[in-house]
Amino acid sequence: MIKTSIFNGKGQYINGQWVKGQGTILESINPGYGTVFWQGTSATEQEVAEAYHAAQHALFPWSTLDFQSRANYTQKFAQLIEKKRHELANLIALETGKPLWEAHTEVNAVIGKINLSIQAYHERTEAKVTQTAEANACLRFKPHGVVVVLGAFNFPAHLSNGHIIPALLAGNTILYKPSEHTPAVAEFVMQCWHESGLPPGVINCLQGDVTCGKALLSQEIQGVYFTGSYATGLRIHQQFSNKPEVILALEMGGNNPLIIDEVIDLDAAVYNTLLSTLITAGQRCTCARRIIIPDSSQGDEFLNRFINLCSSIKIGPFDQVPEPFMGPVISHEQALKHIHSQQKIIDAGGSPLMSMKLLIDDTGLLSPGIIDMTHFVNPPDEEVFAPLVQIYRYSDFEQAITLANQTRYGLVAGLFSDNEQHYRQFYQHTRAGLINWNRPTTGAASSLPFGGVGLSGNHRPSAYFAADYCAYPVASMEQPLLRMPEKMLPGIHV
C-alpha cells in the first residue's frame, strides 16, 4: 500500500456544520495492513444532545416540505456520489479492506437506492382518497420524527444509506452513528450530504463506539433503524421495552443454510457456493454458514472441488496485484476472535477439513475454514461473521430440510437443485425472509423487501419495504362543510 499521512477527521456533523469534537480519540485502521490512516474524536454526551436538538428543530420545516423537494435533495446527493464514485470506492476499500471491485458494487448500490426509494415511497406510502356516501376517506402518511440510524461496518456506505434515504423521503430527521470501524467513509458521505444543500439539522452524524450509541438512544427519539448482530439488536429491544411507541427496525443476521441437491452443472454449484460463503470475507449477514450436501459420491465430489477452490482463491489487501477475490475481516482483533470460535467448534466435536488461519500478523487477513459437522451433537446455532463454513451431510431430501431448519435464525435459505418439485418442497417447509433457488444466498434485490424472522429480525424488512417503518398511516374522514345528516338517529330532536 502506498504510504500516506494519517488523515485528520472533520469532527461531528451537527446542524449543518462540522464541529471539532471534544471526546476521546477515535482511529480507523486499514485491516489489510494493520495501519492507522484516519484519526478523529468520539462524540461527547453534550454533542449528542446538541445534535438531537438540531434534528428536533429541523423536523417541522423538513417534514412539511413537499415530497418532490425532499426527493430533489436525495437526487442531488446521488449526483455527488456519482461524481466522486472512485474516491468513495477507494475509501471503502481502504477502510474495510474489501477489494476494489467489491467496493465499486457498494457505490453502485448507494446511487441506485435513491430512485428505488422514491419509487417505493409512491407505491407503499402514497396518499389515497376514497369517496364514501358520508365523507372522503383519506389515507396519508406522516414521519415518525427524529430517528436514529446505527450503521454497520461491512457495507459502511450502503447499509446506512438504505435507512437514511427512505427516512428522509418520509420527512424524518436523523441522528446517524456509523460503525466505529468505518468513521472515514461516514465522514465522506456526510460531506456529500452537506454539499447537496440539505437543510441544517436534517441529518447529523455522531462518531463513536457503544458509549456514543447509548447516548443517542437515551434521547427522546421516535425510531431506531439498526443493522448488526443479534446480541446488539436484543439489547436495543430490551432498552426500549418500556417505550413501545418507539419503532424499531432491527436486522440481526443469520445462521443461513444452503442445500446442495441434484445438479447437472457441479462447477456452477461450487462457484455459487463460494459466492454464498466467502464473499466479503464471510462478513455478509446473507452468507451461508451451513452447507448441507448429500452423503454420496456426488457429495464427495462437490466437497473436494469446493475445498480445492477455497484453497486457490486470491486473498490479500485491496491494492494487491492481481486483484484479490477476498480481503480481510474488519480488524485483527476480530480475526483472533473468529479463530477462537473455530477452535471452540473443533474442540466440541467438529472435524476440520481446512483450517482458518491468520495469514499476516496484525491484520484481519484470514484463510477460509471448512469444518465437517455431520457427527456434531447439538451444534452451536451462532453466526460466525467470518470465512468459516460448516458442512453437514444428509441421506435424503427430507433430512436436508430438517438440517436447514435447525436454527433459531431465519434470514436466508438457499437451494441448488435442478428439481423444481424439490424447490417447492423446500420453499414450503423453510422459514426465512429470503429464499433463493439456484442463486447465491448473498444475492438480494433492492426492488424486494429484505429482512428475516426468528432471531434475524423483528418483522420490519428493509430495502423496498423500508418506507413502511419510516412513516405511520393517518386515516381521516373528511368533508368540506359541516352539515346535518339527511336522517337523524332515533330519540334526538334538534
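Trainee: In what sense do strand β15 and β16 pair, and over how many bridges?

Mentor: This is a predicted model. In it, β15 (residues 351-354) pairs with β16 in the antiparallel sense, over three bridges. Look for Met354, which stands opposite Ile370 in β16.

Trainee: How does β16 run with strand β17?

Mentor: Those two run parallel, joined by four bridges. β17 spans residues 388-394. Here Ile371 stands opposite Gln390 in β17.

Trainee: How do I read the two faces of β16, and which residues are buried on each side?

Mentor: Start with the general idea. In a regular strand, side chains alternate between the two faces of the sheet. Now the case here. Gly369 and Ile371 are buried on one side of β16 (residues 369-372). Ile370 and Asp372 are buried on the other. Both faces are covered.

Trainee: What lines the largest cavity?

Mentor: Its lining has 15 residues, with Leu250, Glu251, Gly451, Arg460 and Pro461 nearest the centre. Strand β12 (residues 247-251) gives the most, three residues. By class, the lining holds six nonpolar, seven polar and two charged residues.

Trainee: And which domains supply the lining of the second largest cavity?

Mentor: Domain 1 (7-253 + 456-477) and domain 2 (257-437) each give at least three residues. The lining includes Phe153 and Ile330. That cavity holds about 50 Å³ of space.

Note on methods. Residues numbered from 1 in each chain as written. Predicted model: local features only at pLDDT ≥ 70, side-chain atom pairs only at ≥ 80, totals over all residues. Heavy atoms only, no water. 1 Å grid on protein atoms, 1.4 Å probe; cavity = no way out; pocket = protein on both sides within 12 Å on 5 of 7 lines; lining within 4 Å. Nonpolar A, V, L, I, M, F, W, Y, C, P; charged D, E, K, R; others polar. Points joined across faces, edges and corners; volume = space filled by probe spheres on them. Domains from an automatic or database assignment. Buried < 20%, exposed > 50% of the residue type's maximum accessible area, 1.4 Å probe, protein only. Pairing = 2+ DSSP bridges.
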